Amino acid sequence: MQQSVLDLKRFGKTVKLMSFLPFTSAENALECQNSSSEGLLHDYLANFVSTTLPKAKPGKKSKFVLGVSDPKVGNGISENLGISCVCDDITLELLRGIRVHFHHFIDGLEATDLDRAQLGLAHAYSRSRVKFDVNRADKHIMQSISILDQMDKDLNTFAMRLREWYSWHFPELMKIMMDNVIFAKLAKRIGNKKTLNEEALDDLRGILGEEHETKAEAILDAARSSMGVDVSELDLHNIMTFTDRVISLAEYRTSLHEYLKSKMDKVAPNLSSLIGEMVGARLISHAGSLTSLAKYPASTVQILGAEKALFRALKTKGNTPKYGLIYHSTFIGRASTKNKGRISRYLANKASIASRIDSFSDEPTDKYGKMMRDQVEERLAFYADGKAPRKNIDVMLAVKKQLAEDEGEEEAPKTEKKKKKRKAEEVEVEEEPKTDEKKKKKKKKAEEAEEAEEPTPKSDKKKKKKKKDE
């Protein structure tokens, strides 16, 4: 089959061109491509198929079968036009042969023209998909958390290399200061240990901060009696250059974390408030988007990131994992060993609810996430002390009521203006009835005068009846 498809003589005996309809413009081709990718039947394609193929009788299946490359398009054709469609290996091979030999079926069409048209349509389609991507805000979160995780590994490696390199000159500093970033800043300030004196104590205290302020004098004493070897100016220059790179990477890591936090507060405020911006960003990155995460059940969110352990447990018929990426949350670390599985299941349930609220709510707010965080705290207290937590429906109603009150406070100034307008309208309405009453009185007087001048028809009829009786 595959060899006959590639041979034009054999393929030409099997397939013949019955009808061909080109796209009217590039915009028309892009519209049809977008509809096909979404599984919809475009009107242009529907008109071509309905006019080219024989129509089936209503209520009966067609006597022929139409081969399509996409099952979704086939479903659309069969539902709207009633034509049976098939998409199997034979159909795909035939369509592949048509694409290979298509320029031989059409007079005046060259293979280069077809390639150029396909390339232009591919560029236009990709541009439209990227431009109108619903999950484009999630992409920044996914890239940021990936860079942060990679930078944490790189910073740790670079800091350990700096410690080892600078310790040849000043080994005592590594034992005094364990923090990698502060160690790099101290190495940058000290430089050559022989030049360190009491004038540098203020600078050292500023670098160490209030937490490690007392270690400044210990560093000065250690520098005076250090066992490290002397280094040349060239070696020290290279050490300081590497130190600058480590410090700049640490500063960029801090700024990138702030950017991720602000982005999570806008895109997923409830998820960020519940489990933190780092764990929430990892869940979104692993799921692919916030919408995909919202579609996952709580059981999937619980073990998201532990797929290898899950399938290994299913294969060996062992115990399945209790948590995946959600393990990095502070709640699971605070729970006791026997309650870690319970709290991870409860936290996954709340994370699933928070992601759905963030994904499908019109007005973003973090109040649901904060209340759900309080619920997890209450659940931890329940496992420790036995104090019963609040019910989920009561918490949701309380947040809904609070949001309604906040909206009422914002609309208060608008309602005051409306009241003033209503008072002005009421004054106008009160004046109108007075004028109407005057007009009615005048009409009544005019009618009474007319009745006094002319006799009523009823009285005439009564007089005629009396005469007849007589």
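The questions below concern helix packing and aromatic rings in a predicted model.

User: Which residues make the contact?

Analyst: Helix 21 supplies R342, I343, Y346, L347, K350, I353, A354 and I357. From helix 22 come Y368, M372, Q375, V376, R379, L380 and Y383.

User: How do the residues of that contact divide into nonpolar, polar and charged?

Analyst: There are 11 nonpolar, 1 polar and 3 charged residues.

User: What makes the pair of F382 and Y383 tilted?

Analyst: The structure holds 6 aromatic pairs, and F382 with Y383 is one of them. The ring centres lie 5.8 Å apart, and the cut-off for a pair is 6.5 Å. The planes stand at 50 degrees. Stacked needs under 30 degrees, and edge-to-face needs over 60.

User: Why do F382 and Y383 count as partly exposed?

Analyst: Buried means under 20% relative accessible area, and exposed means over 50%. F382 has 31%, so F382 is partly exposed. Y383 has 22%, so Y383 is partly exposed too.

User: Which residues do ring pairs link into a cluster?

Analyst: F158, W165 and F242.

User: How do you know that R163 is close enough to lie over the face of F183?

Analyst: R163 is at 4.7 Å from the ring centre. The distance limit is 6 Å. R163 is listed as lying over the face of F183.

Key. Residues numbered from 1 in each chain as written. Predicted model: local features only at pLDDT ≥ 70, side-chain atom pairs only at ≥ 80, totals over all residues. Heavy atoms only, no water. Contact = heavy atoms within 4.5 Å. Helix = DSSP H or I, 4+ residues; strand = E, 2+ residues; numbered from the N terminus. Nonpolar A, V, L, I, M, F, W, Y, C, P; charged D, E, K, R; others polar. Buried < 20%, exposed > 50% of the residue type's maximum accessible area, 1.4 Å probe, protein only. Lys NZ or Arg CZ within 6 Å of the ring centre and 35° of its normal.
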